[in-house]
Amino acid sequence: MIFSMLNRHFAGKLVTKLVVAGALLAAPAASFAGIFITVGFAPPILPVYVQPICPGDGFMWNPGYWAYSPDGYYWVPGVWVNPPSVGVLWTPPYWGFAGGLYGFHAGYWGPHVGFYGGVNYGFGFGGVGFGGGRWEGGHFAYNTAVMNVNVNVIHNTYVDRTVIVTNVSHTSFNGGPGGIQSRPTPQEAAVEHENHIAPTAAQQSHYQAAQSNKANFATANGGHPAMAAVSRPGSTAGAVAARGAAPAAPARPAAAAQPHAAASPAARPEEARPAAAAPAHATAPAPAHAAAQPASRPQAQPAERPQPESRPQPAAHPQPAAHPQPPPKPQPQAKPAPKEEHPKR
């Protein structure tokens with residue numbers, strides 16, 4: 001096979017990339033079970049995370065996985081998606097070791113779940129087949145033993161705990177040193193020859209968004225992405241972080257965002273002065289910062305100053321009357337009554 005020959009030819013190189021149809025992101029649409037890129041070193045282990053709750057009836061789970069670009073391995077978050085048609089199931093992608101290199105096998109839709117390297121992605125994808133749900137007529141039934149589904153909203157559910165895998169491995173690749181030593185079963189080998197359906201446009205958009213986010217790269221998150229899974233493509237609502245992921249930067253408190261609004265009057269005395277000049281109410285409680293004011297400040301309050309009307313007028317500059325009044329006219333005095341003379345006896 002041409003890929004085997006190429007692998008032997010480039011076995012001595014650290015990183016070798018074989019891109020068909022332009023790029024890895026377009027690979028799932030071109031073919032659905034081929035190898036489109038090979039890398040000289042293994043992908044990181046699978047991160048541990050909690051599955052977001054199913055956003056609605058009919059959505060199907062796509063587990064997260066490590067993809068590769070020229071900048072290195074990056075995490076494609078797990079996501080709930082709508083299938084392209086009724087009756088199909090999702091076979092996840094996986095990395096397989098052969099000829100000294102790690103090759104990426106793209107995922108696809110089909111009537112049965114095929115071989116995905118024995119990788120335990122969780123949530124029904126325990127390494128072989130799919131135990132997270134099944135088609136019953138024209139609707140999909142969810143196995144709530146491994147799927148996070150609100151049974152009060154979605155009623156087509158059942159419980160099957162036999163699909164739970166207790167021996168959990170976080171290895172993300174098949175074959176090679178430290179890889180999962182698993183081979184396709186006869187049933188899985190037969191699935192390889194079935195008609196496969198390309199990932200939907202929403203899935204491909206999800207791949208592209210993952211690659212454009214530098215925080216998804218293993219070089220940035222150390223293998224513990226802060227966005228390990230989301231509820232649906234194109235939305236960060238209900239996003240969950242992987243165990244061990246660095247916490248997001250805390251939001252700045254309101255005091256730091258608006259220092260002027262949160263500053264106390266004691267710290268900004270120039271803002272406190274207008275309030276001090278206002279007349280105090282007898283029933284108002286004393287402000288909390290009153291103790292922080294200087295002791296001499298109350299004496300400088302405008303209320304303590306003498307009022308203009310109480311100031312004496314300077315004697316040296318009397319104010320002349322605007323219209324001097326003429327002196328009052330003397331009133332004629334009444335003549336005294338003449339005394340009555342009595343003749344002397």
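**Figure 1. Polar contact of His206 with the backbone of Pro77.** In this predicted model, a polar atom of the His206 side chain lies 2.8 Å from the backbone oxygen of Pro77. His206 belongs to helix α4, which spans residues 201-212. With a relative accessible area of 9%, His206 is buried, because this value falls under the 20% limit. Beyond neighbours within four places in sequence, the residues in contact with His206 are Val76, Pro77, Val79, Val230 and Pro233.

**Figure 2. The open sheet β10-β11-β12.** Three strands are arranged in the order β10-β11-β12, and their pairing is mixed. Strands β10 (133-136) and β12 (157-158) each have a single partner strand and stand at the edges, so one side of each lacks a neighbour in the sheet. Strand β11, residues 139-143, pairs with β12 in the parallel sense over 2 bridges. Tyr158 of β12 is the bridge partner of Asn143.

**Figure 3. Arg134 and the ring of Tyr158.** The charged end of Arg134 is placed over the Tyr158 ring, at 3.8 Å from the ring centre. Tyr158 is also the residue of β12 that forms a bridge with Asn143.

**Figure 4. Aromatic pair of Phe140 and Tyr142.** The structure contains 23 aromatic pairs. One of them joins Phe140 and Tyr142 in an edge-to-face arrangement, with 5.1 Å centre to centre and 80 degrees between the planes. Both Phe140 and Tyr142 are buried.

**Figure 5. The aromatic cluster that includes Phe140 and Tyr142**. Ring pairs connect Phe140 and Tyr142 with Tyr49, Trp61, Trp66, Trp75, Trp80, Phe123 and Trp135 in one cluster.

Notes
Residues are numbered from 1 along each chain as its sequence is written. This is a predicted model: local features need pLDDT of at least 70, side-chain atom pairs count only at pLDDT 80 or more; totals for chains, interfaces and linings use all residues. Side-chain values use heavy atoms; hydrogens and water are left out. Two strands pair if DSSP finds at least two bridges between them. Helices (H or I, at least four residues) and strands (E, at least two) are DSSP runs, numbered from the N terminus. Buried means under 20% relative accessible area, exposed over 50%, partly exposed in between (1.4 Å probe, protein chains only). A polar contact is a pair of N or O atoms within 3.5 Å; within protein, one must be able to donate a hydrogen and the other to accept it, and residues adjacent in sequence count only if both atoms are side-chain atoms. Contact means heavy atoms within 4.5 Å. Rings of Phe, Tyr and Trp (its six-membered ring) pair if their centres lie within 6.5 Å; planes under 30 degrees apart count as stacked, over 60 as edge-to-face and the rest as tilted. A charge sits over a ring if NZ of Lys or CZ of Arg is within 6 Å of the ring centre and within 35 degrees of the ring normal.
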